[in-house]
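Trainee: Could you take me on a close look at a single part of this model? I would like to see where that part sits and what it touches.

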Amino acid sequence: MDATELRVEPALDTQTAWEPRIVGFLCLWCSYTGADNAGTARMKYAPNVDIVKVMCSGRIDPDLILTAFAKGADGVMVLGCHVGDCHYISGNHKTMVRMPLLRRVLEDFGIEPERFRHEWVSAAEGEKFSRLVSEMTEQVRELGPLDWKARLKECTGENLGPWGGEHP
Amino acid sequence: MRYEAPEKLSEQRRNGDEPRVGVFVCHCGGNISDIVDVEKVVEQIRKRSGVACVTTHQFCCSDPGQAVIEQSIRERRLNRIVVAACSPSLHELTFRRAVARGGLNPYLFEHANIREHVSWVVDDRKEATAKAGRLIRAAVARAARLAPLEKRRIPIHPSVLVIGGGVAGLTAARDLANRGIRVRLIESTPFLGGRLAQLYKIYPTGQRARDVIGGLIREVSSNPLITVYTNAELVEARGFIGDFHTTIRLVPRGATERCTDAQAAINACPEETVDQFNLGLARRKAIYLPYKGCYPSIPAIDWRNCTRCGACLEAGGVGSIDLDEKPREIVIRSGAIVIAVGLNTYPPRYGEYGFGQFAEVITLAQMNRLLDPTGPTQGELVVNGRRIRRVGFMHCVGSLQHEGVHKPMRDGRINQYCSRVCCTTTMHTAVELKTRWPGVQVYDFHEDIRTYGRRHEGYYDKVCRQGVVFLRFDPLRPPRVGVDPKGEWPLVLRTVDRLTFGEELEVPLDLLVLATGLVARDMSKLVDLYRCSVGADRFLMEVHPKLRPVEMATFGLFLAGSVQGPMDIGESTAAAAAAASKAAALLKAGQIELDPFVAEVDTSKCSGCRICLQACPFAATDRDEAARTAKINQALCTGCGTCVASCPCNAIQQRGFRDDQVEAELLALLEAEEPVGV
């Protein structure tokens with residue numbers, strides 16, 4: 001990932017107006033329907049998670065998650081069917097293997113692991129979905145904004161970062 | 001990394017496909033507009049590039065609402081449509097059809113969910129308006145990059161393969177053949193009838209099980225459209241919806257159709273073994289007929305116990321037995337497959353309530369064999385040489401198991417589910433006992449009783465009136481079975497009765513009947529061949545229990561009966577009838593339309609690494625050995641996109657979920673927020 005890709009649109013307002021921006025990648029069959037379930041039950045939860053729908057959590061390329069962080073997300077959630085309940089038999093098994101690897105990559109990029117959450121939410125678990133969203137929002141709020149610009153400045157200034165300041 | 005999104009769009013523009021997105025924001029009669037400031041959202045979206053018009057409507061899904069969409073497409077030359085309304089699960093199809101009527105490809109449509117995901121879950125008007133704005137602009141960004149897609153159309157071979165010759169498989173085969181469909185039914189054992197043939201009387205009608213299954217077998221065997229293969233093993237399965245090729249191995253049954261004197265051949269056999277049909281309560285010969293009137297009526301040889309001595313050859317007559325016939329394999333072609341392999345009863349472990357330790361502890365299925373006048377005791381209530389006077393029934397053996405109390409099954413899991421049929425069967429059996437032998441005392445030990453079905457509660461009422469004694473135990477302290485210290489009775493059951501507030505009781509018994517639960521069969525071969533979804537309870541799973549029952553995630557596969565969970569006979573036949581209707585509907589259409597969201601390979605980028613071959617849960621990815629690249633079978637692909645994420649070369653893209661489409665949506669979501677004043 002080169003520096004130009006890390007450019008973010010400047011935050012409009014000051015710290016006081018900051019709200020966590022979280023992207024949720026949800027599989028259609030379980031988790032998206034679970035989110036619908038929360039809606040139908042009129043469960044109130046934090047409005048900070050914006051949902052990107054995919055057919056299966058197995059479709060979620062770790063690249064997409066890195067893109068989300070690079071382009072201004074303060075947190076990312078990946079929600080799929082419980083193991084054994086995948087509409088596509090084993091699509092979520094792939095997710096289950098990929099996400100822990102991605103977590104290590106995120107650490108290498110200096111992104112706190114708490115900014116990323118991978119959970120299973122079934123179509124009936126509206127309550128779990130709303131709880132996860134609110135928990136995640138509070139968790140990210142405590143961490144503060146993932147301000148790439150400031151972090152980059154800090155890295156280049158003090159020779160920190162994944163490549164010891166040297167760009168490979 | 002990629003970031004192809006802008007180039008893709010400019011390429012699209014060069015091709016003369018300048019997006020003109022029409023956005024329709026629904027009030028949903030206040031469901032949305034009471035919380036979301038619709039006018040504010042409209043104002044924001046109108047300013048975005050590519051948006052040709054933004055319209056609001058009280059109910060977009062209503063006929064006038066749909067008419068507005070159709071009209072706008074024509075009048076304003078719209079080429080992409082976004083509707084921001086309820087969840088796509090409700091009205092995506094409605095709007096796709098409206099878009100198609102307006103003259104556009106139905107896949108040039110994107111649905112933004114601002115009701116279930118916004119107005120119903122966010123209280124604050126400002127926050128809800130901001131979130132609706134983000135979701136709609138993301139939908140617009142995605143819509144601008146959508147390409148027209150066509151549903152896949154696949155021709156269907158006009159025949160069905162039914163796997164399993166029990167009540168569900170037979171029902172499905174009969175229903176299909178009655179609709180004029182060619183059916184091939186395969187059964188792994190030498191005889192049709194399955195578990196139903198082993199039962200005695202069945203609820204809620206009290207009919208003889210053998211009359212019910214016999215009638216069904218006659219209908220199936222006399223129908224010229226149905227071919228039955230017994231002693232058939234699954235070997236291999238290829239193909240996909242519309243054109244499955246299943247290879248089966250036909251194990252010879254030994255006896256041939258020329259066997260006129262079956263009984264003489266059976267009598268001549270010197271080998272004896274445990275009679276599985278009578279659940280170990282009797283013994284039979286190595287060449288056998290399980291019961292009088294079974295189908296086929298030709299005896300079968302149990303090869304594991306046959307010594308090929310040839311005694312039956314002489315007794316059975318010329319050409320009656322062929323000991324040297326080799327197994328042969330045949331390929332069955334079908335457009336759809338009905339899976340009706342049924343289930344097993346829970347095998348109690350040694351020592352579970354004394355099972356295996358005492359001959360007087362039997363299962364409910366064995367009890368059914370004892371009650372049958374054609375059974376091992378000719379219907380006499382005699383066990384271990386003793387006439388039975390006190391019978392105990394133990395509920396939930398192998399069902400409703402508790403962590404820490406029950407030992408897990410071989411796969412490390414306990415059976416937490418209710419097996420559903422055992423309570424009513426127990427009541428029904430108790431009624432039979434008390435009716436035939438009024439002097440027999442019956443005790444019922446339960447944690448819970450669930451006679452849930454229509455007319456099931458009647459049996460409970462009846463046994464209460466007949467004087468059956470009910471004792472309720474604490475599931476964490478189940479009753480213990482031991483010997484009678486006085487030696488008067490073979491068994492003594494010690495329990496703490498919760499109905500009398502913890503009274504400790506000793507109940508002497510002649511016979512303890514374990515109401516064993518129902519467990520899934522070992523279906524690993526089947527699961528492997530057809531790539532079935534298996535639930536945590538080991539039963540096969542349908543796509544959706546309410547919206548798409550009896551259908552499997554793999555297109556063209558249908559589940560009939562208790563292969564998908566404990567069911568009684570009525571429920572099994574209902575499920576089988578449903579599977580038959582769905583399979584028939586599929587075949588009658590002649591072809592099938594599938595969602596177009598399949599994966600495709602850009603062979604110029606593919607390195608031929610084969611990683612996608614392992615990623616696909618449906619074996620839709622294959623390798624074109626000549627071109628040394630991956631290829632995807634469009635009929636097998638279910639459109640999950642797992643291969644897309646696995647491809648290290650970004651050579652695979654999923655139609656409708658291309659990387660650039662998902663990324664455009666993502667980037668639009670993450671744009672800097674416009675301050676929203678309300």
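Mentor: Happy to! Let's start with the chain around our part: chain B has 18 helices and 36 strands, where helices (H or I, at least four residues) and strands (E, at least two) are DSSP runs numbered from the N terminus. Before going on, please keep in mind that this is a predicted model, in which local features need pLDDT of at least 70 and side-chain atom pairs count only at pLDDT 80 or more, while totals for chains, interfaces and linings use all residues. Residues are numbered from 1 along each chain as its sequence is written, and chains are lettered from A and ligands numbered from 1 in the order in which they are written.

The C-alpha trace of chain B spans about 90 × 70 × 45 Å along its principal axes. Its domain assignment, which comes from an automatic or database source, gives domain 1 (1–149 + 674–678), domain 2 (159–245 + 331–341 + 546–591), domain 3 (262–326), domain 4 (344–519) and domain 5 (595–655). Taken over C-alpha atoms, the centres of domain 1 of chain B and domain 3 of chain B are separated by 71 Å.

Now let's zoom in on B:Ala232, which lies in strand E11 (residues 232–240) of chain B. Is B:Ala232 buried or exposed? B:Ala232 is buried, because 23 other C-beta atoms lie within 10 Å; the cut-offs are 20 or more such atoms within 10 Å for buried, 12 or fewer for exposed, and partly exposed in between, with C-beta atoms placed from the backbone. Across chain B, 47% of the 678 residues count as buried.

And which residues does B:Ala232 touch? Leaving out residues up to four places away in sequence, B:Ala232 touches B:Ile186, B:Glu187, B:Ser188, B:Ile248 and B:Leu250. Two residues are in contact if their C-beta atoms, placed from the backbone, lie within 7 Å.

Let's step back to the contacts of the chain. Among contacts in chain B with a separation of 6 or more, 71% join residues 24 or more positions apart. Chain B also meets chain A, in a contact that takes 48 residues from chain B and 42 residues from chain A. On the side of chain A that touches chain B, the largest share, 6 residues, comes from H1(A).
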